[in-house]
Amino acid sequence: MISTDLVMGIIFVSQTTLGMMGNSALLCCFIINEFSGIKARPTDLIVKSLTCANFMVLLCKGIPQTMAAFGWTYFLDSIACKLVFYFHRVARGVSLGSTALLSFFQAIMITPRNAKYKYFKARAYNVIGPSVNMCWPLQMVLNALIPVLVTDLGDGKNCTDFRDLLYCAVAKPHNLTNALYVILLGSSDVMCLVLMLWASGSMVLVLLKHKQRVQYMHRVLCPKSSPETRATQTILVLVSSFVLLYSTSGILTMCLTFVNGTSRGLVHASVATAACFPALCPFLLIKHYTLVTRLC
């Protein structure tokens, strides 16, 4: 009978390889476009940041967890554990923030050119660069305490006050400071999810209203599904997968943090769901980004 660890190891290898290939292909497309002289879209900077962050998430979490699933436990020393967990948390935060920013700016750009949104649309392009540049240092500061909470479990170290994550260990939130810090990190994730839900909902409403205005023209000229319908479906798929995967990842992370006696299966499930969106993101993003940009 095949062991659970072997199955999870194969899943992690497939997930990490697929995600790295997808994100690398997306980055190569941007590099080719720059050398070809193709004019960059205003939101390309956000997508580049998102792609780099997704690549770092897969690199820092997928590879160590794959090695742990295949039986190589506690192979990192204390400094390596701190660096791996810190850069994973920073990259995960940037991935969340960049996805929310992308939805927010696309929602502004796709709104009608009336007086109500004229002020925001005129200044949106100037704010994109500073917003993306703020994501990385903000997440670096927000996750500054992560290295303090992480250590290795090699050489028979006492793990009473730490949560065993197979290749490293995280301090249990016994005191109030640690518990409040974990809640702070969780609240930043919730804010990004709420922003993306609002932006995606706004885009769907705008597209549906636009579809109603040009419905007769589409029936005459284009019997198939309209661009607005395809864009709406793509937005709903993207936001649904984003919210579902990151919400599940957040719940499992909270269980790992606060529930005693966590199992290897819970650790594997937490990492698998956390890496799902970074792995699938480039494939979802290519279709979504192309359709919505055409309609902006």
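The largest share of the lining of the largest pocket, nine residues, is supplied by α8, where helices (H or I, at least four residues) and strands (E, at least two) are DSSP runs numbered from the N terminus. This is a predicted model, in which local features need pLDDT of at least 70 and side-chain atom pairs count only at pLDDT 80 or more, while totals for chains, interfaces and linings use all residues. Residues are numbered from 1 along each chain as its sequence is written, and side-chain values use heavy atoms, with hydrogens and water left out.

A pocket is an open set of points on a 1 Å grid over the protein atoms alone, where a 1.4 Å probe fits, with protein on both sides within 12 Å along at least five of seven lines, and lining residues have an atom within 4 Å of a point. Among the 38 residues that line the largest pocket, Arg89, Val182, Thr253, Met254 and Thr257 lie nearest its centre.

The structure holds one salt bridge, a term for a side-chain nitrogen of Lys or Arg within 4 Å of a carboxyl oxygen of Asp or Glu. The pair links distant parts of the chain, 97 residues apart, with arginine 92 in helix α3 and aspartate 189 in helix α6.

| Pair | Closest N and O atoms |
|---|---|
| Arginine 92 and aspartate 189 | 2.6 Å |

Aspartate 189 counts as buried because its relative accessibility is 14%, and buried means under 20% relative accessible area (1.4 Å probe, protein chains only). Arginine 92 is buried as well.

Technical notes:
Buried < 20%, exposed > 50% of the residue type's maximum accessible area, 1.4 Å probe, protein only.
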